[in-house]
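Visitor: I am new to this structure and would like to learn how to read it, one feature at a time. Could you guide me through it?

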Amino acid sequence: MSDRTKPAAPRVVVVMPAYNAAKTIERTYADIPAGVVNQIILVDDMSQDETVEIARQLGIEVIVHIQNRGYGGNQKTCYLRALGTDADIVVMLHPDYQYDSRLIPELIRPIQDGRADLVLGSRFLSSGALAGGMPLYKFIANRFLTIAENLVLRQNLSECHTGFRAYSRRLLETLPFILNSDDFVFDSQIIVQTVAFGFKIAEIAVPTRYFKEASSVNFQRSIVYGLATLSALAEYIGDRANLRPSPRLRKTLPQIISRYHRQRLLRVPPTNDAEPASPYPITLEF
Ligand SMILES: Nc1nc2c(ncn2[C@@H]2O[C@H](COP(=O)(O)OP(=O)(O)O)[C@@H](O)[C@H]2O)c(=O)[nH]1
Ligand SMILES: [Mg+2]
């Protein structure tokens, strides 16, 4: 195949949900490989430090929340903004230097090859999670929750709790992620939705890096997260058994956003472009 007929490379947009990342954002940014990423967007969730100033100095596009929305609320803004660009693949990268951004080319490959629509950077595919500094209780909880998720969702994943992920545009245009929690359980809900909507998940191995600035989730918040993850699984079971149908697992994104936003965010807006019959409470950030 000559250069002229080679398929165009996908447009890759990195989104960073940020909260007090001033000490780590520069390192995270510096490790992003050249020539792979077309655009970087950081959403600041009312950090109390210099995150916004440093990100702007680095030339990163910054969106500022004027109220603290939480990690899930932050991601909603990230993905809505990314859909507003011409992204083909969206990579979520924590700006706390916890994940190795040099692995972005590997992370996006299964989507490029058409093998998956969600790729998880797993710290459990190789055996270094504890050696990398993951606290023992997080290690055990992670294993337990991942086993529960595999059983309920009929998957064979090694880790469902990573913050290093790549999404296809197709997936983000379909899942009604704006109905998810604004808290950390957003990450679990989006995996449940991925399975509910029939998208494929792939994994790549990534190293584990724990250090002071890379982790703020304490024991108590981890318990809340664990219980909320189990509740996301219960929601899936109830929905599939038709006991408690869940809009989060049935409605598509185009079905719950306004015509204006469908035109603005979706690559191919639906032809039957009526207003949604029953709007759910959603807030767009911009
Ligand atoms: N928006 C928002 N993000 C948060 C908050 N707390 C942590 N984060 C972000 O959520 C991600 C995961 O949090 P982190 O403390 O690193 O979790 P851990 O590494 O699992 O212990 C990081 O990218 C943080 O910047 C918060 O209160 N609001
Ligand atoms: Mg972290």
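Predicted model: local features only at pLDDT ≥ 70, side-chain atom pairs only at ≥ 80, totals over all residues.

Visitor: In which sense do S1 and strand S4 pair, and over how many bridges?

Guide: Residues are numbered from 1 along each chain as its sequence is written, and chains are lettered from A and ligands numbered from 1 in the order in which they are written. Strands of a sheet pair through backbone hydrogen bonds, either parallel or antiparallel. Here S1 and strand S4 (residues 89-92) pair in the parallel sense over four bridges, where pairing requires that DSSP finds at least two bridges between two strands. Strands (E, at least two residues) and helices (H or I, at least four) are DSSP runs, numbered from the N terminus. Within this pair, Val13 has Val90 of S4 as its bridge partner.

Visitor: What is the order of the strands in the open sheet, and which are the edge strands?

Guide: The seven strands of the open sheet follow the order S3-S2-S1-S4-S6-S5-S7, with mixed pairing. Strand S3 (61-64) and strand S7 (201-205) are the edge strands, each pairing on one side only. On average, neighbouring strands of this sheet are turned by 20° against each other, direction ignored.

Visitor: How do the axes of H7 and H8 cross?

Guide: Axes are lines fitted to C-alpha atoms, for helices over the stretch in contact, and angles run from 0 to 180 degrees between N-to-C directions. The axes of helix H7 (residues 186-196) and helix H8 (residues 219-240) come within 9 Å and cross at roughly 20°, so H7 and H8 are roughly parallel to each other (angles under 35 degrees count as such). The contact, meaning C-beta atoms, placed from the backbone, within 7 Å, involves Ser188, Gln189, Val192 and Ala196 of H7 and Thr229, Ala232, Leu233 and Tyr236 of H8.

Visitor: Which helix axis comes within 10 Å of that of H8?

Guide: That is helix H5 (residues 136-153), whose axis crosses that of H8 at roughly 5°, which makes H5 roughly parallel to H8.

Visitor: Which residues come nearest to ligand 1?

Guide: A residue is near a molecule if its C-beta atom, placed from the backbone, lies within 6 Å of it. Of the 17 residues around ligand 1, the nearest are Tyr19, Asp45, His94, Ser215 and Ser216. Strand S1 (12-18) and helix H3 (71-83) each supply at least two residues of this shell.

Definitions and conventions. Parallel < 35°, antiparallel > 145°, perpendicular 65-115°, else oblique. Contact = placed C-beta atoms within 7 Å.
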